[in-house]
Every structure is written in C-alpha cells, then in structure tokens.
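Please examine the sequence and the structure shown below.

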Amino acid sequence: MKRWLPLGLIAVGVVLAVVALLFSPSDEDRIRDRLTQLEEAVRIDDGERNPIVRHGRVRKEFAEIFTKEASASVVEIGDRLSGRDELAAAATQAAVVYQTADVSLGDTEIKVDPAGMTAEVTATATVTGARHGQPVRRDELPVALRLEKVDGDWKIISATVSPRRAPGDDGL
C-alpha cells in the first residue's frame with residue numbers, strides 16, 4: 001500500500017498539470033485582457049472630477065499595464081511620453097480637457113513571437129468623447145503596441161498612436 005501512494009500522488013500531479021494547461025488562457029487571451037484593462041483605465045467618466053483621485057487610480061492601473069520604462073508617441077499632438085509616471089500624468093491631464101471619453105480597441109491583431117516573450121499588437125482605437133461644453137465626437141486612430149512578458153504577466157512597453165483616419169481611408 002505504501003508503495004502505491006507515491007505513484008498515486010505523481011498521477012494526480014500529472015492530471016492536475018494537464019488540466020491546468022488545457023484550461024489556462026492563451027497568451028493572446030491574456031493580452032486581450034490587458035488591452036481591456038487599458039481601455040478601462042483611460043476612460044473618463046463625467047463624475048470623475050477630482051484629479052488627485054483620478055491620478056491615484058490611473059497610476060495603480062498603469063503599474064499593472066505598463067513597464068516602468070514604457071513610452072508612447074501620439075502623432076496628432078506631437079508628444080512623446082517616456083516612463084509609466086509620465087503616461088499616468090498625461091492620462092490624468094486628459095480629464096481636464098475632456099468631460100467624458102471612452103476608448104475601445106477593435107480590429108485587433110496580435111502577433112506573439114515564437115519564444116512567447118514579446119508581442120506586437122495593431123488595432124484601431126475608437127475614441128468617443130466630449131470636451132467640456134462640446135458635443136460628443138468619435139475618432140478612429142491606428143494604434144501599435146509592443147508588449148513583453150514580465151514575471152509571467154504581459155505588459156506594454158511602447159505605444160504609438162497614428163493620425164486619425166479620414167472617412168473612407170483604408171490606411172494606404
């Protein structure tokens with residue numbers, strides 16, 4: 001009986017490992033979850049008026065979403081942001097200009113490198129928002145993101161937001 005106990009424990013361990021592999025989310029699913037988290041983090045709600053509270057929330061979210069050295073380039077405003085703190089400050093500052101804003105990423109293509117350590121994402125960011133006292137406006141902007149796996153979690157290391165697309169522009 002005592003001989004069979006170690007073999008039984010090994011068998012249970014193998015079964016648990018196989019189940020974990022079969023039901024764990026893929027890298028693409030985990031990256032999509034990270035993108036959803038980004039959409040939620042940058043959203044500006046009409047009631048979110050306190051910049052200190054917003055900055056605290058955004059910094060906390062960005063600590064999970066971006067690497068510390070992350071950078072972003074936003075062509076339309078001619079701005080290059082370096083570091084997670086600068087990104088959080090810019091996201092906080094957006095609430096000064098916009099009363100409401102919502103970002104959704106669509107047409108998402110994810111390419112994970114064969115080693116599973118880096119990924120490139122291209123998407124269309126649909127930004128729907130209203131500046132204070134202005135009507136709601138909707139823009140579509142091409143976005144390119146680079147991610148890397150850090151301690152098992154996918155984090156964004158760079159983001160590039162290209163100029164808005166004109167109606168009927170196919171990106172060529």
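The points below describe the sheet first and then the helices.

This is a predicted model, in which local features need pLDDT of at least 70, side-chain atom pairs count only at pLDDT 80 or more, and totals for chains, interfaces and linings use all residues. Residues are numbered from 1 along each chain as its sequence is written, and side-chain values use heavy atoms, with hydrogens and water left out. Helices (H or I, at least four residues) and strands (E, at least two) are DSSP runs, numbered from the N terminus.

**The sheet**

- An open sheet is formed by 6 strands in the order β2-β1-β6-β5-β4-β3, with mixed pairing; two strands pair if DSSP finds at least two bridges between them.
- Because β2 and β3 each have a single partner strand, they stand at the edges, and one side of each is left without a neighbour in the sheet.
- From one strand to the next, the twist averages 25 degrees; axes are lines fitted to C-alpha atoms, for helices over the stretch in contact, and angles run from 0 to 180 degrees between N-to-C directions.
- The pairing of β1 with β2 is antiparallel and extends over 4 bridges, and V74 has D79 in β2 as its bridge partner.
- Helix α2 (residues 27–42) packs on the sheet, where it touches β1, β3, β4 (118–131), β5 (137–150) and β6 (153–161). Contact means heavy atoms within 4.5 Å.
- The direction of α2 makes about 165 degrees with that of β3.

**Helix α3**

- Helix α3 has 15 residues and reaches 20 Å from its first C-alpha to its last, close to the 21 Å expected at 1.5 Å a residue; the expected span is 1.5 Å times one less than the number of residues.
- R54, V58, F62 and I65 of α3 are buried (under 20% relative accessible area, with exposed over 50% and partly exposed in between; 1.4 Å probe, protein chains only).
- These buried residues fall within an arc of 55 degrees seen down the axis of α3, so they line one face of the helix; the arc is that of the directions from the helix axis to the C-beta atoms.
- The exposed residues I52, V53 and K60 lie on the face of α3 turned away from its buried side.
- The cover over the buried residues of α3 includes α2, β1, α4 and β6.

**Helix α4**

- In α4 (residues 84–97), the buried residues include R84, L87, A88, A91, T92 and A95.
- They cover an arc of only 135 degrees around the axis, which puts them on the same side of α4.
- The buried residues of α4 pack against α3 (51–65), β1 (66–74), β2 (79–82) and β3 (98–112).
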